[in-house]
Amino acid sequence: QNRDQYASGYYYFDKTMLEQANTRQYITSNLDRALKEKWIKVYYQPIIRAANGRVCDEEALARWVDPVKGLLSPADFIPILESTKLITRLDLYVLDQVLEKMKTMQRANLYLVPHSLNLSRADFDSCDIVEEIRQRVDAAGIPREKLTIEITESIIGANFDFMKEQIARFRDLGFKVWMDDFGSGYSSLDVLQSLRFDLIKLDMRFLQNFDKGDASKIILTELIRMAIGLGIDTITEGVETKEQAEFLKEVGCTKLQGFYYCRPISAEAILERYEKGTQIGFENPDEDE
Ligand code: C2E
Ligand code: MG
Ligand code: MG
Ligand code: MG
């Protein structure tokens, strides 16, 4: 039976390869439609300040809610879009959604919590992304210091001088820049002495071994101690339990993010929580001080 199929040429590549090729084709050819029909949603995950337990930032995370394929996570579509310039269309769409949400918060007289946006390497090749973002943020009337750019460790390593310049441009304009997924790749600690970040986000892999021996706790403790020494704030991502949260507070992590506090949720859901003042409130430095 198999031999016949090979002979007839059907099985040149296996099913998973075929599926991958189909998914790729589907994603790249449907992005326009997905944006227009609002299949792309922006979810928001609160980030909590260790010192006061309040929301101090929100990270924007893209979702593709497909009418046929159901909910697609970023792992299903971001890498595909990243291999083309299409990722920039998505990221600028996410930015526009973030700016709309922030304008809604302004109108409702809510404290304007800073929002962070994830960028990919391809964004820096497809256009002058720094200038593009500046124009949109200024046109929306949102203060630049309220928008944070998250750049993963992995995209810095191979393009050091270029990325150094782009990060400096963002910061000179008044945007905050965070290094995402620190400790997940192969880039050296040199990035910490040669580049200026407002904060480093420690990759969630360190918490994944939290209950298996001491290594995870030792590494987190020392990375956070190093950041404190350098005067850089830290977030640990992937906090899922109370024990993890307590430990991180004790060793001096500045901010915490993870399912223990809140999963990424829709703009409507998060605004509703703020308006009701229930469950999670945000800090308001203007009033708290
Ligand atoms: P990231 O920026 O490191 O985002 C953190 C990821 O961890 C998110 O996955 C989030 O949902 C997940 N997460 C948060 N807390 C927990 C936790 O307690 N436990 C576990 N197991 N996971 C947690 P998500 O939303 O699937 O995004 C994956 C990655 O895709 C992001 O990693 C980011 O690199 C990328 N991404 C997401 N949205 C965008 C976007 O709009 N543009 C670009 N360029 N990349 C994006
Ligand atoms: Mg991120
Ligand atoms: Mg991350
Ligand atoms: Mg990550």
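Let me start with a definition: two strands pair if DSSP finds at least two bridges between them. Strands themselves are DSSP runs labelled E, at least two residues long, numbered from the N terminus.

A word on the source. This is a predicted model, where local features need pLDDT of at least 70, side-chain atom pairs count only at pLDDT 80 or more, and totals for chains, interfaces and linings use all residues. Residues are numbered from 1 along each chain as its sequence is written, chains are lettered from A and ligands numbered from 1 in the order in which they are written, and side-chain values use heavy atoms, with hydrogens and water left out.

Now, strand E1. It covers residues 40–49, and seven of its ten residues are buried, so the rest of the structure largely encloses it. Buried here means under 20% relative accessible area; exposed is over 50%, and partly exposed lies in between, with a 1.4 Å probe and protein chains only.

Which strands does E1 pair with? Start with E2, residues 55–66: the two run antiparallel, over nine bridges. Tyr 43 faces Leu 61 of E2. Together E1 and E2 make a hairpin, with five residues between them. In that turn, Gly 53 has a positive phi of about 70°.

Next, E9, residues 255–257. Two bridges join E9 to E1, again antiparallel. Here Arg 49 stands opposite Lys 255.

Then E10, residues 265–266. E10 also pairs with E1 in the antiparallel sense, over two bridges. Tyr 44 sits opposite Ile 265.

On to the metals. A neighbouring magnesium ion, ligand 2, is 3.9 Å from ligand 3, and Asp 180 coordinates both. Asp 180 and Asp 181 are both buried.

Last, the cysteines. Cys 262 counts as buried, at 5% relative accessibility. Cys 127, by contrast, is partly exposed, at 27%.

Methods: Helices (H or I, at least four residues) and strands (E, at least two) are DSSP runs, numbered from the N terminus. Donors are N, O and S atoms within 2.8 Å of the metal (3.2 Å for Na, K and Ca); water is not among the atoms, so sites may look incomplete.
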